[in-house]
Amino acid sequence: MNNTILEIKNLKTYFHTEEGTVRAVDDVSFSIKDGEILGLVGESGCGKSVTSLSIMGLVPVPPGKIEGGQILFEGKDLLKMSEKELQKIRGDEITMIFQEPMTALNPVSRIGDQIAEVLEFHTDLDKKKRWEKAVEMIKLVGIPEPEKRARSYPHEMSGGMRQRIIIAMALIQNPSLLIADEPTTALDVTIQAQILDLIKKLNNQFHSAVLLITHDLSVIAENADRVVVMYAGKLVESADVKTLFNNPKHPYTKGLLKSIPILGKPDKKLHIIRGTVPNLIDLPPGCPFFNRCTEAMEKCENELPEIISLDNDGHLVRCHLYRQEHTT
Amino acid sequence: MSNLVEIYNLKKYFPIKAGILRKTVGYIKAVDDISLKISKGKTVGLVGESGCGKTTAGRTITALYKPTGGEMFFDTSPEDIEHVLNLKKEIETLSGAEQSEKRRELHTLRKRMDMYSLPKKELNKRRKEFQMVFQDPYGSLNPRIPVGDIIGEGLDIHHLYKTKKERKEIIQDLMAKTGIDPSYINRYSHEFSGGQRQRIGIARALSLNPKLLVLDEPVSALDVSIQVQILDLLEKLQSDFDLTYLFIAHDLSVVEYFCQDVAVMYLGKIVEKAPRDKLYKDKLHPYTQALISAVPIPDPNTKRQRIILEGDVPSPVSPPKGCYFHPRCNQCMDICKVEEPPVFEPKEGHSVQCWLYKGSKIVG
């Protein structure tokens, strides 16, 4: 059960705009194993959503363009596939949950029909069977009165219920990879707890791997097995969840962890990361975190650090501080 | 310590209109009978899920909405407040001519002290004492005028400067104090990032030298690293300008970090209210217990027992009978389904609206 299901190698997704080229995802590599929950965390504009769109083949072209790299899904490069081949995989083997449960559903179509539509594309089931399967999925994601709910429309449901419907849609074909892009950001905490609980339960039950994209480190801490931290389009640190939270190495990760208030520890002095994320259009040649880093050295300004492997368990960091100790 | 704000039985109902004649067919009770005190120089947190009425409460407290009922005393002496409240109680026991005479007396008193009964002109003059910082740093700034004018609009309205030069000085001083480069005075809001825009919103609110700032989710639209910068700024401004804050938020860890007193709202009502340490330590209301247990913690080493609430927040148009929380409550009893609980005070300074504490002192 430890096969790599998705491997991203040196992915470069750029956007060519009038003002210049935005390197939204710049030389990012990571992999997801079968049945694992990989957390992808970073602030807005760090490239986490563009990474997920690149996997799904949904980057708007133009202005976007995948300039290099590979996205290997079960060994096959998704970037080399035709649109037709991709469509077979999308919605079947790789599915996605979006951030906005309000806009991701079709307002004029019944919930049951929208879920069953997936089966129309990917299976030979007849209409009655498809409907039955849709009702079954609605029940599985914990919505009461599934038969009745299947006949209702999105506006008749709350945000939490709609997100459940989208999850039902994403899981109906039992995908090997589920991409959840900020699945709970638009929801209240009590509903967030319900949805994350559901994703974890289904991850256990179906062994679908999950790419969990969020800005919320607490959500990552409680749900992910491994974590990738991105900053300004680049991977800055990656490790298993316990290592990352117990022993963070990159000054950005360290700063972030020290800057969030923790329930039950109101007297914790919050660390302030000064400044803001640099403009991605004219990124300085050095480390993108240079202008905000408390441990910046002279070479950080002009020289982009390499990714350094800190141990044999895949703890990676992109920072000059660790260059002397380890090299790859 | 005296209170800057005392609110009694505040109600804000929005009519639901239907049909060609736009007849009122019902009410959304967005804020339904809440009472709250805010001590001078303190920060009170108002927390709850979306739709619980916390923003409406904030807007009514800053008199942006006219309330359906209730009183607000702003910077009024405790003796005066007591006088009004006693008079109100007295009226209920009286009848006839005596009652109407007392009523008139109450009316004149309220016109002088209760912010919601002040004549309009008077109220507008006093508005500068309480200002609001809005939730959405993108939607709350006019994109067509330079930030200098956005910050200076209040100064213009209240005529707080003599010369153009003085106006510019005040604005640039505010910008410097809130961490915006004063040389950006002629730039437009789209040229700023989310965090900087929130600073502009804060500068605008500060321009009138208010005593109370109502902060409506001031950091929830911002990135983690920017959130701390804004919280830090707010802390600094509070001590520099002797400000009192009402901090409206849904993030319970931020509220715990930032506030001294906390009130929890559910469907238009304050269900629990206490100083921060008491509230987070002894969560009395089952809703507060569930809400706090649902907050994720950024530490993979701790596993917590989580209370997963069933279902969603009911619609405030047709709230359930009895206690509004009973359909989702894991400790629901028979009485909860039929009768709304009064506000109990099981411990000094810690009040809760829940039947579990029947037998404790009733305070409301």
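**View 1. Helix H5 and helix H6 of chain B cross with their axes within 10 Å of each other.** In this predicted model, where local features need pLDDT of at least 70, side-chain atom pairs count only at pLDDT 80 or more, and totals for chains, interfaces and linings use all residues, helix H5 (residues 147-157) and helix H6 (residues 164-177) of chain B cross at roughly 115 degrees. Residues are numbered from 1 along each chain as its sequence is written, while chains are lettered from A and ligands numbered from 1 in the order in which they are written. Helices (H or I, at least four residues) and strands (E, at least two) are DSSP runs, numbered from the N terminus, and axes are lines fitted to C-alpha atoms, for helices over the stretch in contact, with angles from 0 to 180 degrees between N-to-C directions. H5(B) contributes B:Gly148, B:Ile151, B:Gly152 and B:Leu155 to the contact, and H6(B) contributes B:Arg167, B:Ile170, B:Ile171, B:Leu174 and B:Met175; two residues are in contact if their C-beta atoms, placed from the backbone, lie within 7 Å. By class, this contact has six nonpolar, two polar and one charged residues, where Ala, Val, Leu, Ile, Met, Phe, Trp, Tyr, Cys and Pro count as nonpolar, Asp, Glu, Lys and Arg as charged, and the others, Gly among them, as polar.

**View 2. An open sheet of four strands in chain A has the order S2-S1-S4-S5.** The pairing in this sheet is antiparallel, and two strands pair if DSSP finds at least two bridges between them. At the edges, each pairing on one side only, are strand S2 (21-33) and strand S5 (76-77) of chain A. Strand S1 (residues 4-16) of chain A is joined to S2(A) over 10 bridges, and A:Thr4 stands opposite A:Lys33 in S2(A). Helix H1 (residues 48-56) of chain A lies across S1, S2 and strand S4 (64-73) of chain A, running at about 70 degrees to S2(A).

**View 3. Chain A and chain B meet through 32 residues of chain A and 32 residues of chain B.** On the chain A side, the elements that give two or more residues are helix H7 (189-206), helix H8 (217-223), helix H9 (241-246) and helix H10 (251-259). Of these, H7(A) provides the largest share, six residues. Taken by class, the side of chain A that touches chain B has 17 nonpolar, 10 polar and five charged residues.
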